[in-house]
Each structure stands twice: as C-alpha cells, then as structure tokens.
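Could you walk me through some of the helices and charged pairs in this protein?

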Amino acid sequence: MLIALCFLFASLFPEEPVSKLTAGDEAFLRMEYPAAIEFYNAALEQSLNDPELLWRLARVYVCKGEVHEGEQRASECKQAEVYARRCIEADSTKAQGHSWRAAALGYMALDAGKSEQVKLSYELLREVELAILLNPNDDAAYSIKGSFYRALGNVSWFQRQLAALFVGKVPNGGFVEAEAALKKAIALAPDVMRHQYELGILYIDMDRREEAKKALEHAATLHIKVAIDRPRLKKIQDLLVKLSEE
C-alpha cells in the first residue's frame, strides 16, 4: 500500500526537469560552448527575446570566438554583438548585455580599418560605462575598460594627431585609467585569470617589471575558467621566463 502511494505521489508531482538555461550554464562552465549555445537557443525558442538568454548567448559566442583569429573570430564575435544588441533592445537595464557587447566590439575592432576602429572605440567605452553604471560590481566591464585604456596608453601623441586628421579623434585616457580599472576588476573578482594577466601586461607596457612579474605569477596560480585561459596560461609562463632573464 505504501509503495502504491509513493508511485501515486510521484505521478502527481513529477520531478522538475533541469531547465535549458541551467543546462546551458552548466555546459558553459565545462567550457562546452557548442552545447551551451544549443541549450540557450532551445530555451530561446520557448521564450523569445528573453534578456537572460540573450546576454548568455553573447557571452558564449565571445568565449567561443576569442580562442581563434581571423575570419572565425570575427564571425563568432559579430554573432555575439547581435545577441548583445538584442538583449539591450529587450532590456536596456541589463548590465551584462552592455558588457558583453563591449567585449564583442573589442574583438571586432581588431579586424577593422582605422576609421572603423575609432568609431568602435567610442561605442565600446560607452557600453562599459553603461554596464558599470547599471552594475558597479561588473568585474568583466572593469576588465574590458582596463584593456581598452591600456591600448590607448600605447597610442603616442603623434599617432593621436594623425588619427584626428585622417580618421577621427581618439578617446582620451591611458595607463593611469587602465590600472585603476584593472585593480577594480581584481578587487571584485580576484579569482579571474584575465584580470591579473591584463594588469601584468599593463605593467610590462609601463616598464614596471617587478610589479608585472608579481601580477603574472599570481595569474598563473588561478584556475582555468574559460577556454582562452589555456593559451593565456602559456603566455603567462613564457612572459615569466622572459622577465626572469632580463
């Protein structure tokens, strides 16, 4: 009788299946990006223009694309930008939509012409500032902001003047802003390899070798969380060897 009642209750209250969004998140954490995309898209079919799914699709396409170069990276990151824009259109207050659009724009800028790079740089900066305004704890946005200003710090005065003449004014800012943004990213998420790595690269650019070595040594101890961390770890190890030889 007891067994029969158990079966009855089981049929009346079946176990809730794992949602496709949750399955997508689990696949993402395992770095199984094609599977994550499949789960997120299946969930999107049931809930069109859901911002929670759209920003996740933007994120996974960035992470899938950034391990490649050339046309494949460009294609993946353009797809990421489309999903991020759709997220923003569905809910402009969703910080992740802005931060992952900024990430996609950063990679798109690598393959763009000079005038397009200037245009994309302003869009990228606007997106990270919006992300931070909406969520002051968005470590990804601060990290992207830091990388952006590090790149600006490597643009000389002469290059800025040429850009202003021929392709448009380059945004102001440089190494000081980069360091502040990356330190904030690290304070918010000290276990993310990218933040420490970017700080190390910044210190190399600033000729602060000992600080660079310290940041990179710490980065090398952190767990691999996204696919790009694997080649990033190899770069860190190579840089540490080089720094120890100088």
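## A charged pair in helix 13

Asp229 and Arg232 sit 3 residues apart in helix 13 (residues 229–245), so about one helical turn separates them. Helices here are DSSP runs of H or I with at least four residues, strands are runs of E with at least two, and numbering starts from the N terminus. The side chains of Asp229 and Arg232 meet in a salt bridge, at 2.6 Å from N to O. A salt bridge is a side-chain nitrogen of Lys or Arg within 4 Å of a carboxyl oxygen of Asp or Glu.

So is this pair buried or exposed? Asp229 is buried, with a relative accessible area of 3%, and Arg232 is buried too, at 8%. The cut-offs are simple: buried is under 20% relative accessible area, exposed is over 50%, and partly exposed is in between (1.4 Å probe, protein chains only).

One thing to keep in mind is that this is a predicted model, where local features need pLDDT of at least 70, side-chain atom pairs count only at pLDDT 80 or more, and totals for chains, interfaces and linings use all residues. Residues are numbered from 1 along each chain as its sequence is written, and side-chain values use heavy atoms, leaving out hydrogens and water.

## Other salt bridges

How many salt bridges does a search of the whole structure find? It finds 22. One of them links Glu179 and Lys183, at 3.3 Å from N to O. Both residues lie in helix 10 (residues 175–188), 4 residues apart, which is about one turn of the helix. Glu179 counts as buried at 13% relative accessibility, whereas Lys183 is partly exposed at 44%.

Arg30 also forms a salt bridge, with Glu32, and their closest N and O atoms are 3.1 Å apart. Arg30 counts as partly exposed at 45% relative accessibility, and Glu32 is partly exposed at 36%.

## Glu127 and its surroundings

Now look at Glu127, which is found in helix 7 (residues 114–134). Glu127 is buried, with a relative accessible area of 5%. Setting aside residues up to four places away in sequence, Glu127 touches Ile88, His98, Arg101, Ala102 and Leu105. Touching, or contact, means heavy atoms within 4.5 Å.

Glu127 also shows how the chain brings separated residues together: Ala95 is 32 residues away in sequence, but the two C-alpha atoms are 9.0 Å apart in space.

## Helix 7 against helix 8

Two packed helices are described by the angle between their axes and the distance between the axes. The axes of helix 7 and helix 8 (residues 139–153) come within 9 Å and cross at roughly 150°. Axes are lines fitted to C-alpha atoms, for helices over the stretch in contact, and angles run from 0 to 180 degrees between N-to-C directions. Helix 7 and helix 8 are therefore roughly antiparallel to each other. In these terms, angles under 35 degrees are roughly parallel, over 145 roughly antiparallel, 65 to 115 roughly perpendicular, and the rest oblique.

The crossing of helix 7 and helix 8 is left-handed, meaning the near helix is turned anticlockwise from the far one by less than a right angle (clockwise would be right-handed). Contact residues include Leu124, Leu125 and Val128 of helix 7 and Ile144, Phe148 and Tyr149 of helix 8. By class, the contact of helix 7 with helix 8 has 10 nonpolar, 1 polar and 2 charged residues. Ala, Val, Leu, Ile, Met, Phe, Trp, Tyr, Cys and Pro count as nonpolar, Asp, Glu, Lys and Arg as charged, and the others, Gly among them, as polar.

## Helix 4 beside helix 6

Helix 4 (residues 51–65) and helix 6 (residues 95–110) pack at an angle of about 25°, with axes 9 Å apart. That makes helix 4 roughly parallel to helix 6. Helix 4 passes helix 6 in a left-handed crossing. Among the residues making the contact are Trp55 and Val62 of helix 4, and Trp100 and Tyr107 of helix 6.

His195 is in helix 11 (residues 193–205) and is buried, with a relative accessible area of 3%. Ala220, in helix 12 (residues 209–220), is partly exposed at 29%. Leaving aside neighbours within four places in sequence, Ala220 is in contact with Leu233 and Ile236.
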